[in-house]
Amino acid sequence: MWHSKKVTEVITEMGVDPGAGLSSSEAEKRLEQFGPNEFRDHKKTAIWKLFFSQINSMLIYILIAAALISLFIGEYSDAAIIVLVILLNSVIGVIQETKAEKALEELKKLATPKAIVKRDGVVQEIPSEQLVPGDIVVIDAGRFIPADIRLIETANLKIEESSLTGESVPVDKDADWQAAEEKVPIADQHNMAFMSTLSAYGRGIGIVVNTGMNTEIGKIAALLGDQKQEMTPLQVKLAELGKILGIGAVLISLVIFLIGFFQGRVALDMFLIAVSLAVAAIPEGLPAIVTIVLALGVQRMIKRRAIVRKLPAVETLGAVSVICSDKTGTLTQNKMTVTDVFVNGTYAPLASLKLENQYEKLFFEALVLCNDAVVTTAEQSGDPTEIALVAAAGTVGIDKQLLDHRYQRVREIPFDSERKMMTTVHQNKDNFLVMTKGALESLLPKAATVILNGQKVPLSRTETERIISQANAMSDKALRVLAIAYKEVPQVADLSAEELENNLTLLGLTGMIDPPRMEVKASIAQCHNAGIKTVMITGDHQKTAFAIAKELGIASSDKETMPGNEIDTLTEDELKEKVKKIRVFARVSPEHKVKIVKALKANGEIASMTGDGVNDAPSLQQADVGVAMGQSGTDVAKGAADIILTDDNFATIIAAVEEGRNIYQNIKKAILFLLSCNLGEIITLFFAILLGWPTPLTAVHILWINLITDTFPAISLGLDPDDPDVMKERPRSIRESIFAHGSGLFTLINGAIIGFITLFAFIAGLAFYTGSESLFTIDFADVPQDALIHAQTMAFITLSVSQLFHALNLRNQHKSIFQVGLFSNKYLLASILFGISIQAALVNIPFFNNIFAIHFLTIKDWLLILALSLLPIILNELWKAGKRIL
């Protein structure tokens, strides 16, 4: 723990002379010992491994088996179609996976190309990769820190650490600061400078204590490289479904083969029928359709300002039950803002303040004059606190450029961490204005008078206590308090710095904070209504974090907050219990964020993590859905995330969750549609074989329907318009089956309806074209080939058209298609018309008659087919109407 050691201890332990630095020979030895100051490459997954990982599912295995069997029995076109489906699914998956490699590559870019060091007694610039522990590094303003450094000398040094710690304001660094205890959060280690952070102000000298993977940023790199990819809820459910379908297909095929064998049928014929049944049991287009629907969902998400990097994340969003959000830049504006002032003895919000006397005007002029920030319409540069002060003065009509020109600065005493004050002196006609700002505890002892009710009065004990009480009240609101004072002197040439900063007149106090985004509160309320918990995880101070959380409605009591150092004292089981009640985690490290996300997931939550900094990257990757900020986010955070928000708006996350829920519902509609259709095919073949009938459908009929006729309606269901009530429901459980909430019974009933009307069409065709008097007098042992093909054609067309019409039932299992809007999904209507058209083309074009072994149909045949095909819609509408009445 380098921050807890004295400078002399660090110098001794590192074996270096601070004046001369390391010798070149010693630096070479240490480079050999510790290795270069860069991140170790994690082992990348080979493309061929990524490709085969995409086919590592039961559903794909079954498709491969079906393709091999099709080749074996000479159905080459069937095999080619199945292989095409497998390849399409795998290629899309590989493209998405390779994008995830960006996270560590972007981390490597953060290493600075050059560092200023002392070696052999000479200050020189070297590549940062050559830095070793013990090197003496010189830090100046505007330079990235090249390694983890224990500071040994500082002069007004401030380092911007928000990307690593989440702290919104540059941190004051002090080489002489001593840690009160050994375990101190990274954000509070004031004698340390960390790799990849930025020196914003002042200068410093330090000793390199850690390089490469041993730095704090290196630990983040290790976390990113070590984490394993987990399956999304939909992937888990599809894997389970694949196993069920696979086992079911094998069992049903075996049963049918044995039934036919004992019926005395030819073994080879029964093998082909069993294969047909296996083909009927498996929805060949399902993997590709799910991928296509997700990809189309991605396009819809872009319109809502959310870019999806990993396809499964679209669906996972719909199941999110807790959103873990970084505070700075996500919930807040990442912009320090003066919100309250105490001036002229009155406390008021800045927005409601009106200048009533010269001293109130002087208070705001002091904010601008004792200030080094550059603020114009074209640019803003400088310390965020000083930029906020200039902006505050601008709200009452004071322009910094005009004021700087009017009151020329003639002298200044810069801020330093010991005095905690800054003073500037300005020419004011024949005398001089001394303007001072700083911490109240430093400035108040220097004040002799105070402005009260437009008058300058002595600073009595009572007034002092009142001012301190007011400052404490502002601090309790998590406001950062700054005191402002002034005095007028006839000359400054002979005055010392101490004399300039004595006998001041206190003008007032400013209270500033990084304010919450205006739209976030409503979004969090919407989360609550949708059953989604919001948890703030930040590197900022506990009091500041709670104040923002309370204002946004995330937490109502400080009992719902926890500091990061407390997480280290808890076991995994204890943390698992704690996270159920805690809504604000403050002063946390990147490791803490990962632990919190893991604990939430262990409780069965589907966790989304939002963030923008390097420190957020491991937890973004660990979460079920990582969401990075597109504007303020670092490339590392974007590389580790599943989704990137182009407007950095928390409200967009809620829009994305809503979109995710709708997309999941639509995917579920497509899956249930395909399964009910395939169940209809199984029932058709199973009962026909069981009853000793000829097979109503051939393998090519089934494959055509599964891959062509059913595909377009399934994709169209994936494009169904959004459900307006989707955000009124609680998040679905990860344990929830695709067949939950009556979906399984719905699938069984509709599969049975489709199967039995197909059988009826087949048997009606046989009765009519064999000349039988009724359905019960057909001689199945002597069916002419032409009559059989005619009947099979009727079964084939009835099956396909009834499935097309059945797609309308999937739009909503509770509302009538007329309530949903018959024409609200034009893609589905177009798919149904297209499906009927291509089936009519197959029947009426002789070329296709031969390929598909089908027959021309008469008008009477078509009327019967249409009447039977409408039955699934009629029966479903009657069922829904009955449920609504009851």
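Colleague: How many cavities of 30 Å³ or more does the count come to?

Modeller: The count comes to 3 cavities of 30 Å³ or more. On a 1 Å grid over the protein atoms alone, a cavity is a set of points where a 1.4 Å probe fits but cannot get out, a pocket is an open set with protein on both sides within 12 Å along at least five of seven lines, and lining residues have an atom within 4 Å of a point. Grid points are joined across faces, edges and corners, and a volume is the space filled by probe spheres set on the points. Before we go on: this is a predicted model, where local features need pLDDT of at least 70, side-chain atom pairs count only at pLDDT 80 or more, and totals for chains, interfaces and linings use all residues. Residues are numbered from 1 along each chain as its sequence is written, and side-chain values use heavy atoms, with hydrogens and water left out.

Colleague: What volume does the largest cavity have, and which residues line it?

Modeller: The largest cavity has a volume of about 50 Å³. Its lining includes Phe342, Val343, Glu463 and Leu506. At least two lining residues come from each of β10 (337–343), β17 (447–452), α18 (461–476) and β20. Helices (H or I, at least four residues) and strands (E, at least two) are DSSP runs, numbered from the N terminus.

Colleague: How does that lining divide into nonpolar, polar and charged?

Modeller: The lining of the largest cavity has 8 nonpolar, 3 polar and 1 charged. Here Ala, Val, Leu, Ile, Met, Phe, Trp, Tyr, Cys and Pro count as nonpolar, Asp, Glu, Lys and Arg as charged, and the others, Gly among them, as polar.

Colleague: And pockets? How much space lies in the second largest pocket?

Modeller: About 1300 Å³ lies in the second largest pocket. It is lined by 43 residues, and the closest to its centre are Val169, Pro170, Asp172, Arg480 and His541. By class, the lining of this pocket has 17 nonpolar, 8 polar and 18 charged residues.

Colleague: Which element gives the most to that lining?

Modeller: That is β19, with 3 residues in the lining of the second largest pocket.

Colleague: Switching to helices: how many residues does α27 have, and how far does it reach?

Modeller: Helix α27 (residues 650–690) has 41 residues and reaches 59 Å from its first C-alpha to its last, close to the 60 Å expected at 1.5 Å a residue. The expected span is 1.5 Å times one less than the number of residues. As for burial, 36 of the 41 residues of α27 are buried. Glycine 692 follows α27 and has a positive phi, near 80°.

Colleague: What does threonine 534 have around it?

Modeller: Leaving aside neighbours within four places in sequence, threonine 534 is in contact (heavy atoms within 4.5 Å) with Ile323, Ile524, Cys527, Ile554, Arg583 and Phe650. Threonine 534 sits in strand β21 (residues 533–537) and is buried, with a relative accessible area of 6%.

Colleague: Last one: is glutamate 736 buried or exposed?

Modeller: Glutamate 736 counts as buried because its relative accessibility is 17%. Its place is in the loop between α29 (711–717) and α30 (743–769). Not counting residues up to four places away in sequence, glutamate 736 touches Lys237, Lys668 and His741. Its side chain also makes a polar contact with the side chain of histidine 741 (3.1 Å). A polar contact is a pair of N or O atoms within 3.5 Å; within protein, one must be able to donate a hydrogen and the other to accept it, and residues adjacent in sequence count only if both atoms are side-chain atoms.

Technical notes
Buried < 20%, exposed > 50% of the residue type's maximum accessible area, 1.4 Å probe, protein only.
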